[in-house]
Amino acid sequence: MTLTGTFTALVTPFNADGGVDYTALRELVQWQTASGVTGIVPVGTTGESPTLEFAEHIKVIEVTVEAAAKKALVVAGTGANATAEALELTREAAHIGADATLQVTPYYNKPNAEGLFRHFSAVADLGLPVVLYNVPGRSGKEIPLDTVVRLAGHPNVVAIKEAAGSVERVSAIANACELTVLSGDDSLALPMISVGAAGVISVASNVIPGEVSALVRLALAGNLVEAREMHRMYYPLFRDLFLDTNPIPVKAALAMMGRILPVYRLPLCEPSEHVREQLLHTLRALNII
């Protein structure tokens, strides 16, 4: 499997009572596919996966697969800091029909390089294509380059999402192996693609799926002048969606657009009035609302 293009790190919408709003979820997925994204990534960090119960986690993947209806790839977030849990979630995702799995670096327990290799290898051995997820800001542990290279030798490890804020990592990985790199940061998508990344797993495409998809297509085609113009236009949104912990701002933005309710699960909660005002200003300036 070769992954290239725009993959939306989808939010998980909640009802007023705090339950998952599966109707809104279906509508979000259908809007994403109609807007031309390559893929959808449910129950990742942006999908508030740490607060979803196991049954909810699986149901969100199932509804996403059904609503995507093969119009976009589904890369299901099934990572965990316990290998047994990651294996169980991944088996369920494969059974449901997910196209691939996003596997976050095990968080909190901070395994050493050999532990990371064994963890990711065990998941890859299940047969579902694996996208590694390097996000030391969330997990407290970077996947060492040597470990990435070792994992790239596994036939089912197909890509890595780089969310460590380093464009240099793209070049380092490309210099060391043939593993596909996807940017994990909207603001770094263009510079990462310019040195070899194949696309982005995007937060901003929750809000502007067509525009992010167009930007990425331009960049991948080598049309960096037009891609840079789009990047500059939408950079304020890329910036403001991280004024608070993700996915707080992006869910607030979607609520302002009338697509979901502004409901979170503790320990996440609504943004400050200052963040809301800044988001509202940016959305209006870009004619999103």
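Axes here are lines fitted to C-alpha atoms, for helices over the stretch in contact, and angles run from 0 to 180 degrees between N-to-C directions. Hi everyone, and thanks for coming. What we have above is a predicted model, where local features need pLDDT of at least 70, side-chain atom pairs count only at pLDDT 80 or more, and totals for chains, interfaces and linings use all residues. Residues are numbered from 1 along each chain as its sequence is written, and side-chain values use heavy atoms, with hydrogens and water left out. One more convention: helices (H or I, at least four residues) and strands (E, at least two) are DSSP runs, numbered from the N terminus.

Let's start with helix packing. Two packed helices are described by the angle between their axes and the distance between the axes. Take helix α4, residues 113-124, and helix α6, residues 145-152: their axes are 10 Å apart, and the packing angle is about 30 degrees. That pair is therefore roughly parallel, given that angles under 35 degrees count as roughly parallel, over 145 as roughly antiparallel, 65 to 115 as roughly perpendicular and the rest as oblique. The crossing of α4 and α6 is right-handed, meaning that the near helix is turned clockwise from the far one by less than a right angle. Who meets whom? On the α4 side we have A113, E114, L116, F117, F120 and S121, and on the α6 side T147, R150 and L151, with contact meaning heavy atoms within 4.5 Å. By class, that contact has five nonpolar, two polar and two charged residues. For the classes, Ala, Val, Leu, Ile, Met, Phe, Trp, Tyr, Cys and Pro are nonpolar, Asp, Glu, Lys and Arg are charged, and the others, Gly among them, are polar.

Now the second pair. Helix α1, residues 22-34, and helix α2, residues 54-68, cross at roughly 40 degrees, and their axes come within 9 Å. So α1 and α2 are oblique to each other, and this crossing is right-handed. From α1 the contact uses Y22, L25, R26, V29, Q30 and T33, and from α2 it uses E56, K59, V60, V63, T64, E66, A67 and A68. That contact has seven nonpolar, three polar and four charged residues.

On to the strands. Is β4 largely enclosed or open? Five of the five residues of β4, residues 100-104, are buried, so the strand is largely enclosed by the rest of the structure. Buried means under 20% relative accessible area, exposed over 50%, and partly exposed in between, with a 1.4 Å probe and protein chains only. A100, L102 and V104 point one way from β4, while T101 and Q103 point the other way. Strand β3, residues 73-77, runs parallel to β4, and three bridges join them; two strands pair if DSSP finds at least two bridges between them. Opposite A100 in β4 stands V75.

Finally, some backbone details. Most residues other than glycine have a negative phi, and most peptide bonds are trans. Y108, in the loop between β4 and α4, has a positive phi near 75 degrees, and at 74% relative accessibility Y108 is exposed. N287, in the segment after α12, has a positive phi near 60 degrees. There are cis peptide bonds too: N246 to P247, with omega about 10 degrees, and L266 to P267, with omega near 20 degrees. Over to you for comments!
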